[in-house]
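Please open the model in a viewer and keep the selection tool at hand.

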There are 4 protein chains.
Amino acid sequence: MFDINKVCIIGGDKRQVYMGLSMIKDGINSVFYAMDKCTMIDEDYSSLERAVEKCDCVVLPMPLSKDGETLFTPLSDMKIPLDSTLCDIISRKPIFCTNSRLLKRTGDYSRAVIFDYLDREELAVLNAVPTAEGALEIAMRNSPKTISGSSCLIAGYGRIGKVLSKLLYAMGAHVTVSARKINDLTWIRLNGCNPIETSEIAKGGGYDIIFNTIPSMIFDRNTLSAVAKNALVIDLASAPGGVDFDEAARMGIKAIHALSLPGKVAPVTAGEIIKNTIYNMVREE
Amino acid sequence: MFDINKVCIIGGDKRQVYMGLSMIKDGINSVFYAMDKCTMIDEDYSSLERAVEKCDCVVLPMPLSKDGETLFTPLSDMKIPLDSTLCDIISRKPIFCTNSRLLKRTGDYSRAVIFDYLDREELAVLNAVPTAEGALEIAMRNSPKTISGSSCLIAGYGRIGKVLSKLLYAMGAHVTVSARKINDLTWIRLNGCNPIETSEIAKGGGYDIIFNTIPSMIFDRNTLSAVAKNALVIDLASAPGGVDFDEAARMGIKAIHALSLPGKVAPVTAGEIIKNTIYNMVREE
Amino acid sequence: MFDINKVCIIGGDKRQVYMGLSMIKDGINSVFYAMDKCTMIDEDYSSLERAVEKCDCVVLPMPLSKDGETLFTPLSDMKIPLDSTLCDIISRKPIFCTNSRLLKRTGDYSRAVIFDYLDREELAVLNAVPTAEGALEIAMRNSPKTISGSSCLIAGYGRIGKVLSKLLYAMGAHVTVSARKINDLTWIRLNGCNPIETSEIAKGGGYDIIFNTIPSMIFDRNTLSAVAKNALVIDLASAPGGVDFDEAARMGIKAIHALSLPGKVAPVTAGEIIKNTIYNMVREE
Amino acid sequence: MFDINKVCIIGGDKRQVYMGLSMIKDGINSVFYAMDKCTMIDEDYSSLERAVEKCDCVVLPMPLSKDGETLFTPLSDMKIPLDSTLCDIISRKPIFCTNSRLLKRTGDYSRAVIFDYLDREELAVLNAVPTAEGALEIAMRNSPKTISGSSCLIAGYGRIGKVLSKLLYAMGAHVTVSARKINDLTWIRLNGCNPIETSEIAKGGGYDIIFNTIPSMIFDRNTLSAVAKNALVIDLASAPGGVDFDEAARMGIKAIHALSLPGKVAPVTAGEIIKNTIYNMVREE
């Protein structure tokens, strides 16, 4: 285990800002770099070298990069190439990052201590909450009915399906959830929802709102025409998603691809989640 | 009891449209008048006289009027004065309306059978659901945190307070609810929330979101400065509401006055609620 | 407001014992009288006069009396007549009691300060919890099915109906609740249960468990034969109750009259409830 | 897939009786053998050969045997040895049984089609419900407090821990759940309970009721003395369980070993669960 008394946060969006501010509240001296457009924080260091030098560890953003070549720094005009220069600066400190496989290809990180916080299961579990709440917000905004009394279908009973189905059920919706394993189908029923095999989704119908959480083409033309004609469709699966959006448009079905909800709808909570995940990794060291 | 086989719906917003369409699904022949801008329906009658004549009863909008002089007809350019001409046309049929006191002052309705559906308690109870969901949607959109884990205050434990507190609690918020009667404070605690006397709201604090449901000035300058500094404030009480919005603006507190939520966030459900209330009144006759 | 630093608890069952022990934990010096058979406490005073003299107030038991002539003292062989002698001893101190109307008839209490804690609504609300849990325990013990998946009827939507329906619903039962007011029927539906008019109970059916909370003859021969043939019937209404037990026996229906559940199933909680009710009364003085 | 139109149920307790009766309701002609003491059913066959011959399949009891040598037939005085005679009779039909490993050692079942319904995960999931309800019933009967407001510890977050924690939380208890994986600890928190690492159970305290679901010695002398002094302890782990009952007795702690709850507290539901598990196995064939 090592101490984290001073953390250098390099790049990222509002989540990283809130993560850093929350660390400061916990008594950890966070410094920020390449987030100069954000008015909520001050940056004290003129060079990355100095900032890193004074700190116990480095936190890189989520995602690590959008273009595969520079760090993700939406709150700055700076360009920080993912290259051996960066590697020289940061690799002497423990690094908390996402997409560590990409990072390791951009320099000699063989001696670096790298923690990939996106690999951690608790981060994925915790992110299911802002994702489900974001999906709910989208559903509420786009449906002319209340959630209470609505008929909802959730495709998939992974983390998001579990949290979302519980939320919708608690709000008084009639919730159908699809899964493949008989075990999951059993839990779905025990939790007050109606279980349906994923392969038989097209046999259902009459839904007001459909949420997809499965990252493969579940809602193709046939399925859409069978179950989604009067529904709002919200796809939560990462690109390319599980909904044929072109077909949906052709049929006049309102379909929304909702990506990266935690950072968008609840950046404070998303920052808190990253912080706690990093704390857990430090504690387990 | 009388039959309603053919209903004449005169004026109103989308709620009345959806109410009529839902009646049609139930086998009741609804006709619409003064809603010509709405593309979801056809109007078959050139004159109000004829439309009313063919029907068993008349449904007037909610609200009855915005200016006190003409019927509320936002979906038409027609002006229908609330006067003795209208009275002559509609008063021979049972009338379902809101604000029946105003209506009765505009003509000789002494022999008319008038049902005020806004007076019905089940309509108020049922409307608490879209109101609470609308408040939740506003809270989600304007808060950088998830509801789960947020600290919420609800001032007032009437219908809206009851539904909203249940919703927030089920979503994992820490919910404080204010009430005056010891009885209500007891129920609040039994339902998993933290009870606080309304007169002592200013003694609390640390809230992320504050919902007001009490139609009197609860959140004046002092209370705002005591409990709302870092909070989002959503006022659900009808005008003039219970929040000093000028003071809130001065303090940099985000405060939102959310009115008439059912019709705005869930017109289908709101129409359904009016329909069922009318059905109940018919059944009880 | 007056202080309660030393309380004299006279008679009663385990609830009064636990009430006193809980007061002691709060720093209030409780003394017990006429509870000598209970091994959990010591009685320090040889005479009632002395015990009362040293205290700030007196707490009488629930119920006040079973025979109408002596205090209810099931934990002692003592007989304490409700008469002017008792009145002389206790009437100079504030008295917390139940059935104050009976007490006042047994002596000159015209100058006494009497608080009837059974009249308090929060006590009734809070007692709904141990009553509902006790009813649940009886149901579980006597039903060969799990509550989850069972079909339950609750007659009446007062305090007990509200708490019990919430409990059964949370456990996964299919819950039908009867009420008379449309308002209550609406709340029942909003809370996930199936509403039915009390006058139409006999039209339902197929119940596994029936709970009655209405203190009038609801489950007479006709209703029993219509809805209870294969059901377990639990009557929670105070004597004479709302179930024709003779008819039930004749039909081979298992029917249980469950009275005074709080003291029986959860005396610690029941004592805590009385204590908190007394505290509330002191605070409001 | 094969048809099951006529099922021969051999031995077992009430669960098998209710399973058979429920099959009959579904239109399956169940016949019973070696359950002659049960008055709820008739046995039509004088010999096992004939009974089996007329049927499509055979259902053996749960457990298969108590003594390892004869079939478990608590509802009959018959002794049916687990031997090659039995094998000759039943092995030509599909066999649904428990402990198939034992069965296979008692005869030449090499050509038999054997389904072990106790191996099925949905049976284990579904049995978590009667187990949790049975545990709750025991807790209610033995605790002088209501569940609402009680402080409960559940050791282990497997199937029973999941269902039981949800139940207790819904009833208003303060629920602490122990687990080892950070993932589980995260879910525990998301579900409104307080997570604690199983290795740190001894650091907690103040519990009213402790439920153990872990089949290893968690509650040894040290842990009992740290957390259980004033608690009721209910061990749900199969023998030898996870509680040192001798030490508990020595310390005056009330500890209950609750085994095989589904069959005891809810035989109808338990029979239904076995039936549905068999149906699932048939469907998947």
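This is a predicted model: local features need pLDDT of at least 70, side-chain atom pairs count only at pLDDT 80 or more; totals for chains, interfaces and linings use all residues.

Residues are numbered from 1 along each chain as its sequence is written, and chains are lettered from A and ligands numbered from 1 in the order in which they are written.

**Both chains.** Superpose chain A on chain B: a turn of 180 degrees with a shift of 0.0 Å along the axis gives an RMSD of 0.1 Å (least squares on the C-alpha atoms of residues with pLDDT of at least 70 in both). The two copies are thus related as by a two-fold rotation axis.

**The interface.** Select next the 20 residues of chain A that are in contact with 20 residues of chain B (C-beta atoms, placed from the backbone, within 7 Å). On the side of chain A that touches chain B, α5 (121-142), α6 (159-170) and α11 (267-284) each supply at least two residues; helices are DSSP runs of H or I with at least four residues, numbered from the N terminus. α5(A) gives the most, with six residues. Because 100% of the interface residues of chain A are also interface residues in chain B, the copies meet through the same surface.

**α5(A) with α11(A).** Now select these two helices, which pack at an angle of about 165 degrees with their axes 10 Å apart (axes are lines fitted to C-alpha atoms over the stretch in contact, and angles run from 0 to 180 degrees between N-to-C directions). α5(A) and α11(A) are therefore roughly antiparallel (an angle over 145 degrees). Finally, display the residues that meet: A:Glu122, A:Leu123, A:Leu126, A:Asn127 and A:Pro130 in α5(A), and A:Thr269, A:Ala270, A:Ile273, A:Thr277 and A:Asn280 in α11(A).

Technical notes
Two residues are in contact if their C-beta atoms, placed from the backbone, lie within 7 Å. Angles under 35 degrees count as roughly parallel, over 145 as roughly antiparallel, 65 to 115 as roughly perpendicular and the rest as oblique.
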